[in-house]
Amino acid sequence: MNFDKKVSSIIIVLLVVAVVATVYIIVNPSPNERFTELYILGANNQAGDYPTNISLNETGNVTIGIVNHEDSTTSYNLITTLNGVAISNQNYTLKNNETKNINFSFKPTETGNNQTLTFNLYKIPNNSTVYRTVFLHINVV
């Protein structure tokens, strides 16, 4: 009989601990992962058909997407470069879970293969560290 009381007591203690742990998890859920999406889309807003082969002074078009999952309103600075030369510098403020699609046009001014179009996203106020980056390699004839 003494053994049964000990087992019953242990089971009751474990049930109390389980209930307390469950209540704690419900009351204090783990924080969501905070991040920002940065992507580019090609023709017809598809992940493909990028303007990777274009002629000199022809205009290339992409859509840049920014999606805020930071759990708060966040400001961004998007700097776009072509071969290391800035061709666009824009600021955007997005509410939590807001998506911003930006129609972006660029026009290369020199020929060459494997030129790099870079989209650097900074999370303001930190303008010294790139937060997200997307590259597009283009050939210009």
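Author: The expected span of a helix is 1.5 Å times one less than its number of residues. This is a predicted model, in which local features need pLDDT of at least 70 and side-chain atom pairs count only at pLDDT 80 or more, while totals for chains, interfaces and linings use all residues. Residues are numbered from 1 along each chain as its sequence is written, and side-chain values use heavy atoms, with hydrogens and water left out.

Reader: How far apart are the end C-alpha atoms of α1?

Author: Helix α1 covers residues 2–27; helices are DSSP runs (H or I, at least four residues) and strands likewise (E, at least two), numbered from the N terminus. At 1.5 Å a residue, its 26 residues should span 38 Å, and the distance between the end C-alpha atoms agrees, being 38 Å.

Reader: Which residue forms a salt bridge with arginine 34?

Author: A salt bridge is a side-chain nitrogen of Lys or Arg within 4 Å of a carboxyl oxygen of Asp or Glu. Arginine 34 lies in the loop between α1 and β1, and its partner in the loop between β3 and β4, so the pair ties together parts 37 residues apart in sequence. The closest N and O atoms are 3.7 Å apart, and the partner is aspartate 71.

Reader: Which residue meets glutamate 70 in a salt bridge?

Author: Glutamate 70 counts as buried because its relative accessibility is 7%. Its partner is in strand β7, 53 residues apart from it. At 3.3 Å, N to O, the side chain of glutamate 70 meets that of lysine 123.

Conventions. Buried < 20%, exposed > 50% of the residue type's maximum accessible area, 1.4 Å probe, protein only.
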